Amino acid sequence: STVIYLQLLLAVIISAFQLFIFSEYSLFSLAQNLWAIPFISLVLLPTGLVWLLLSQLHESIAILNSPYQGMTLALDFLVYYFWYVLDAFNTFNRLALWHGHIAFSTLLPLIICLSVIWLTALRPVIVCPIMVCAVLLNPTSSQTGLTMTVFDVGQGTALAIEVEDQLLIYDSGNRYEDWVVFEYILPIWLMRKRHEVIAYYVESHADLDHSGGSDWLISEYRPEVVYHSYTANRPTNVRSKLCTPGTRINMNQANVTILSPPLDTNWSDNDSSCVLLLEYGGVQILLTGDIERAAEARLLRDYPHLTVDVLLVPHHGSKTSSSPALLKQLQPTIAINTTGHLNRFRLPHPSVTRRYEQMGSQFYDTAVHGQINLNISPSGQLNIHSSRQQNPALWRRN
């Protein structure tokens, strides 16, 4: 009973951390631990130690050769048997994953309660109610309106727009040879947000720091529609469309319009970026890709009355972008930049950040603030916070 009690206590504690980090928890984990821990401790480890001793002696003491071979076969069988049973549990695991999210505000009281239980004589009576409360009272992240998440993917861009059940992904971060940064971020985020379908994926242009995860994302999630620049490779296994000015994307109550690139194809790769304007609750957000001064000037010419509340800083804050003319017209209240910490390009350029500061814009950078989350209520109330503001204890640099 002591072993079962200890495993039950550990299961509750670990579940809190797993829900906080991975947003899911296996309801069969207790059974797996009750099988794995005693088997490893009482069977595999002693057998392995005996085998290790025999392996060092059997060559010099011939009489130990047969016991060594027998022990080798036994150890092989025990390891196979251990994994066979564990795989059987994993079959049930796939049917019994509990999804949710737990915040620090819930995690800390839970750990304190469990610590108090551990030190009291009433622990067998209290453990079960605490476990039930931890499950039933576990808060789930739910926000109404439009939510924009700007992911911290290092030197690159990747963000998500949510409006009710509709999801749009804009760019997919960098790729380093075969390593896709976004592959280690998006799946857990989708589970936490309970999204099963990506309605739209917009690849702003072909540069690797924006399109690095495109092949993986399209293959893994098969978005319903993929929008791309004419400089990008057109995907063949999904429905794809060129970014064309004036195109409207249906996202429930949000108006999403493609403003650029122009129909002529005489633009550089950066200036051919797909530029999106999102309007919700009277708030306007402009996603700019890597446009530089030529495309900025064309944007001002084609949309002379355009102003925005939130601006995705063009080209990661390069001095070839964010021209004074653009900022003077757009007048963004919030500017969000996507760069990697200590990136080799030394972005954002000091002159660019100074330009935004002089305008009075709130300047956020993923290299400094981590993941950036923005929510707009149906009435137009705008809230923004970053991972480092929300959980400063997790970061060494605050």
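1. Strand E18 (residues 372–376) pairs with strand E19 (residues 382–386) in the antiparallel sense, over 5 bridges. Strands here are DSSP runs of E, at least two residues long, numbered from the N terminus, and two strands pair if DSSP finds at least two bridges between them.

2. The model is predicted: local features need pLDDT of at least 70 and side-chain atom pairs count only at pLDDT 80 or more, while totals for chains, interfaces and linings use all residues. Residues are numbered from 1 along each chain as its sequence is written, and side-chain values use heavy atoms, with hydrogens and water left out.

3. E18 and E19 form a hairpin with 5 residues between them. In the turn, Gly380 has a positive phi of about 100°. Ile376 has Leu382 of E19 as its bridge partner, and Asn375 stands opposite Asn383 in E19.

4. Both strands belong to an open sheet of 8 strands with mixed pairing, in the order E10-E9-E8-E5-E4-E3-E18-E19. E10 and E19 stand at the edges with a single partner strand each, so one side of each is left without a neighbour in the sheet.

5. The count comes to 1 disulfide, defined as a pair of cysteine sulfur atoms within 2.5 Å. The disulfide joins Cys243 to Cys274, with an S to S distance of 2.1 Å. Cys243 lies in the loop between E10 (240–242) and E11 (248–251), and Cys274 in the loop between E12 (254–260) and E13 (275–280), so the pair ties together parts that are 31 residues apart in sequence.

6. Are these cysteines buried or exposed? Cys243, at 7% relative accessibility, counts as buried, and Cys274, at 0%, also counts as buried. Buried means under 20% relative accessible area, exposed over 50%, and partly exposed in between (1.4 Å probe, protein chains only).

Terms used
Helix = DSSP H or I, 4+ residues; strand = E, 2+ residues; numbered from the N terminus.
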